[in-house]
Amino acid sequence: MSVIGRIFGDDKVIYETHTHFDDKAFDNDRDDAIRQAMAAGVKRFVNVGSSMTSSSTCISLSHTYPEFLAAVGVHPEECADLTEADMTALEAMAQDENVVAIGEIGLDYYWDEPDRDIQKKWFIRQIGLAKSLKLPVIIHSRDAAEDTLNILKDEKASEVGGILHCFSYSKEMAKAYVDMGFYIGVGGVVTFKNGRKLKEVVEETPLDRIVTETDSPYMAPVPYRGRRNTSEYLPFIIKEIADIKGVSFEEVSKVTYDNAVRLFGK
Ligand code: NI
């Protein structure tokens, strides 16, 4: 039992739906950091791909740690040089038994590059891949709420469902995604003093449509804000969700765990 494990009690079941332990931020202590997260109560991890290379590392990690599953996909910021050959390679990677989703894929209009049309093209292409493989999608969407929603609708992505990861939009937008059958991914921002918008989303969204994530190494929750994030800090996110909803820590961890199992099938 780790220090954080002790703070929140034992017998927890926590599902980390979005982490990046392949990131270079863990190059010096990857195994320790993963074991610390397990000691804090995280029972299952989806390590999410963001490029062709990281997607392949996600699969390797899932074969090293039985608690790990993998998502393969290319992030909008990494899609500028994608080719059809990459799609064929992704499709082949997705045949691995530990691959449970296509992601992270989506739109990021915060930066000017790559061009929006290029982002849309590869987002749509990877949704098509997910549908043909019958795998859910893990969506990264920043400053692109309307376009993301419209593309998911037009491409009938609700046939496979998925997660709006690191949700940053309004409660009205959350409802629109939930009505389409998607889950809302809630991470460290919910613990921030200026995270009022996400707190409102958590208040309004039924617990059976929320999944928990860290997006580590980014976005560490309070009291670690600004430091390297790791899945070990997930209990702080769960505690905040429990406080907002006025339910117990155990209820949040149990319900969100079951949500992730329902979506990923394991
Ligand atoms: Ni991510």
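Phe167 is buried, at a relative accessible area of 5% (buried meaning under 20%, exposed over 50% and partly exposed in between, with a 1.4 Å probe and protein chains only). The model is a predicted one, so local features need pLDDT of at least 70 and side-chain atom pairs count only at pLDDT 80 or more, while totals for chains, interfaces and linings use all residues. Residues are numbered from 1 along each chain as its sequence is written, and side-chain values use heavy atoms, with hydrogens and water left out.

Leaving aside residues up to four places away in sequence, Phe167 touches Met173, Ala174, Tyr177, Ile184, Gly185, Leu198 and Val201 (contact being heavy atoms within 4.5 Å). Phe167 also turns up, with Leu152, Tyr177 and Val186, among the residues that touch the most other members of the largest nonpolar core, which has 74 residues. Such a core is a set of buried Ala, Val, Leu, Ile, Met, Phe, Trp, Tyr and Cys residues joined through side-chain atoms within 4.5 Å. Helix H9 (residues 234-245) gives the most to this core, six residues; helices (H or I, at least four residues) and strands (E, at least two) are DSSP runs numbered from the N terminus. There is a second, separate core of 15 residues, with Val46, Val100, Ile163 and Tyr183 among them.

Now for the rings. Across the whole structure, a search turns up 14 aromatic pairs. Rings of Phe, Tyr and Trp (its six-membered ring) pair if their centres lie within 6.5 Å, and planes under 30 degrees apart count as stacked, over 60 as edge-to-face and the rest as tilted. Phe167 and Tyr169 make an edge-to-face pair, because their ring centres are 5.7 Å apart and their planes stand at 85°. Tyr169 is buried as well, with a relative accessible area of 9%. Tyr224 and Phe236 are likewise edge-to-face, with centres 5.6 Å apart and planes at 75°. Tyr224 sits in the loop between strand E8 (210-212) and H9, and Phe236 in helix H9, so this pair ties together parts 12 residues apart in sequence. Tyr224 counts as buried at 17% relative accessibility, and Phe236 does at 15%. Together with Phe8, Tyr233 and Phe249, Tyr224 and Phe236 form one aromatic cluster.

The charged end of Arg209 sits over the ring of Tyr183, 4.1 Å from its centre (the test being NZ of Lys or CZ of Arg within 6 Å of the ring centre and within 35 degrees of the ring normal). Arg225 lies over the face of Phe192, 3.6 Å from the ring centre.
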